[in-house]
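Subject: Structure handover

Hello,

Here is the structure I promised you. Please open it and keep it beside this email as you read.

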Amino acid sequence: MESRARLLGHPIHQMLVVFPLGLLAGAAGFDVAHLLTGDGRWAETAWWLIGAGVVTALLAAPFGVIDWLAIPRKTRAKRVGLVHAGMNLLALLLFAVSWSLRRENPAAPPVEALICSFLAVTGSMVAAWFGGELVDRLGIGVSPTAHPDAPSSLSPRSAVPRTD
């Protein structure tokens, strides 16, 4: 099922999710570096990454909702998409709580902020697996004309189905 929200022939949601995933996973890595070194600069950088990750997740989410709404009702894909969205929402809320708990002193986050971040990154990985299930297993967001020799998505021939 082809994505409803596309830019230059590709799903916008899939283009945008790499930003929050990278930023938020990076924040958890910086938190680990902070715990290992005691250097507050790592934690402060994590705080900034979490803020940017939450903002970019909010930018990616509406395009995922648009695609989810187009999935046929009472299908496995609809249920998997709902779990994917729910896990992402939970992770996003945990990251937002972590960010808020750090606000007063980003260089010295309280243990609760770190716990929220580590739980959130774990939830993000589970949500990403469900997103992969949607695309790779269930074909959500994949062009019906996709095949190894398909023309460029910018080509006028890209909408022509393969005939073998």
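Which residues make the nonpolar surface patch of about 410 Å²? They are Leu7, Leu8, Met15 and Leu154. Bear in mind that this is a predicted model.

Look at Leu8 in that patch. Leu8 sits in the loop between strand 1 (6-7) and strand 2 (10-11). Its relative accessible area is 60%, so Leu8 is exposed; the cut-off for exposed is over 50%.

**The cores**

Now go inside. The largest nonpolar core has 13 residues. Ala27, Ile50, Val54 and Phe95 touch the most other members. Four helices each supply at least two residues of this core: helix 2 (18-37), helix 3 (40-69), helix 4 (76-102) and helix 5 (111-137). Helix 3 gives the largest share, with five residues.

Leave out residues up to four places away in sequence, and Val54 touches Leu24, Leu92, Phe95 and Ala96.

There is also a second, separate core. It has five residues, among them Ile71, Val80, Leu134 and Ile140.

**A buried glutamate**

Next, find Glu133 in helix 5. Is Glu133 buried or exposed? Its relative accessible area is 13%. Buried means under 20%, so Glu133 is buried. What does Glu133 contact, leaving aside its neighbours within four places in sequence? The answer is Arg76, Val80 and Leu138. Val80 is also one of the residues in the second core.

**The aromatic rings**

The structure holds four aromatic pairs. Take Phe30 and Trp42. Their ring centres are 5.2 Å apart and their planes are at 55°, so this pair is tilted. The pair links distant parts of the chain. Phe30 is in helix 2, Trp42 is in helix 3, and they are 12 residues apart. Phe30 has 26% relative accessibility and counts as partly exposed. Trp42 has 35% and also counts as partly exposed.

Then compare Trp129 and Phe130. Their ring centres are 5.1 Å apart. Their planes are at 85°, and edge-to-face needs over 60, so this pair is edge-to-face. Trp129 counts as exposed, at 51% relative accessibility. Phe130 is partly exposed, with a relative accessible area of 21%.

Last, look for the aromatic cluster. Trp47, Trp48 and Trp99 form it.

Best wishes

Key. Residues are numbered from 1 along each chain as its sequence is written. This is a predicted model: local features need pLDDT of at least 70, side-chain atom pairs count only at pLDDT 80 or more; totals for chains, interfaces and linings use all residues. Side-chain values use heavy atoms; hydrogens and water are left out. A nonpolar core is a set of buried Ala, Val, Leu, Ile, Met, Phe, Trp, Tyr and Cys residues joined through side-chain atoms within 4.5 Å. Buried means under 20% relative accessible area, exposed over 50%, partly exposed in between (1.4 Å probe, protein chains only). Contact means heavy atoms within 4.5 Å. Patches are made of residues with over 30% relative accessible area and no salt bridge: like charges are joined within 9 Å, nonpolar side chains (Val, Leu, Ile, Met, Phe, Trp, Tyr) within 5 Å. Accessible areas come from the Shrake-Rupley method with a 1.4 Å probe; for residues, only the protein chains shown count as cover. A salt bridge is a side-chain nitrogen of Lys or Arg within 4 Å of a carboxyl oxygen of Asp or Glu. Rings of Phe, Tyr and Trp (its six-membered ring) pair if their centres lie within 6.5 Å; planes under 30 degrees apart count as stacked, over 60 as edge-to-face and the rest as tilted.
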